[in-house]
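Please read them with the model open beside you.

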Amino acid sequence: MYYLIHETLTEIPQEQIKGAKAQYVAVLTPQEWAAQKDSFDMGIDIEPDIAVIHTTKAEVNYDSLTGTFSIPDRSGLADSRKAFAFAMDEKGIVLIDDSGAAAKIIDEIKRTKKWRLPSLERFLYDFLEQIVGSDRDLLENYDRELDGMEDAIVSEREGVTAERVNEIRGEIRALRVHYEQLLDFSQELEENENNFFKHENLRYFRLFSNRIERLRDSTVAIADHAAQIRDIYKSHLDIKQNRIMTVLTVVTTIFMPLTLIAGWYGMNFKYMPELETAWGYPVVIGVSILIVLGSLLFFKKKKWL
């Protein structure tokens, strides 16, 4: 697919790119790029292997910019990602992708964007914005989920698990790494080492860098919140275990004298006067009840129950 950057992205046939006054955007598969790269006259020879792309980065060449995008899938941040490469000079940008991820972003820009001052810089800004467009809501959802977990722990409701807290921390870590790579990427564009971009349009990259810094700071705050929830959860488990141990200790302490009495009078000695006493049995029962009640009152007074 080939486009010219006018007020909107205008789809054109390949042959119209050469000699066009407007800057262009092309989305090609790796096979198409290998066959057509000489026609773009960028003076580079890259053959990207999409399967081994794991980072978002930009590299400055003599007369071009090349690099890769690695975008975590927002529905499964820790597990899957979309990857593609690009090559760019002052005339336009070629996105090299066989997953459909770049084409989907282009379609969204084509559908929703109309520019008063069209330029490659403005296209790149909107392209990068599409990558992180829904992330503010995503981070707010994480924040609300952690708040709900904290309330559930404090009110001793069920449903909070350490596995989910660790899962959130892993997803937030993946997002933070992604934002740091995007920040380096946008700063590389703003550097404009090859003077591909108009100086008055470098503000687009600064705007994007500022937004990414805010998103990155949010991930740091959410990661700290998740760590606090994990600590609260562990403390809550310790408190529950301490309560159980307290109950077991109290029960054991109460029954120790009763066990002594049972053991004492379970001995089969012939001359045990209490065995011949008519009131021996009820007296032992009464003493046992007094021991239990006395122990409970003592523990209650000490606030161990």
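1. Lys91 and Asp89 form a salt bridge, with their closest N and O atoms 2.7 Å apart. A salt bridge here is a side-chain nitrogen of Lys or Arg within 4 Å of a carboxyl oxygen of Asp or Glu. Lys91 counts as partly exposed because its relative accessibility is 33%, whereas Asp89, at 1%, counts as buried. Buried means under 20% relative accessible area, exposed over 50%, and partly exposed in between (1.4 Å probe, protein chains only).

2. The model is predicted: local features need pLDDT of at least 70, side-chain atom pairs count only at pLDDT 80 or more, and totals for chains, interfaces and linings use all residues. Residues are numbered from 1 along each chain as its sequence is written, and side-chain values use heavy atoms, leaving out hydrogens and water.

3. The whole structure holds eleven salt bridges. One of them joins the side chains of Arg74 and Asp135, at 2.8 Å from N to O. This pair links distant parts of the chain, 61 residues apart: Arg74 is in the loop between strand E5 (65–72) and strand E6 (81–89), and Asp135 is in helix H4 (residues 135–154). Helices (H or I, at least four residues) and strands (E, at least two) are DSSP runs, numbered from the N terminus. Asp135 counts as buried because its relative accessibility is 0%.

4. Arg111 and Glu108 also form a salt bridge, the closest N and O atoms being 2.6 Å apart. Both residues lie in helix H2 (residues 101–112), three residues apart, about one turn of the helix. Arg111 counts as exposed, at 62% relative accessibility, and Glu108 as partly exposed, at 27%.
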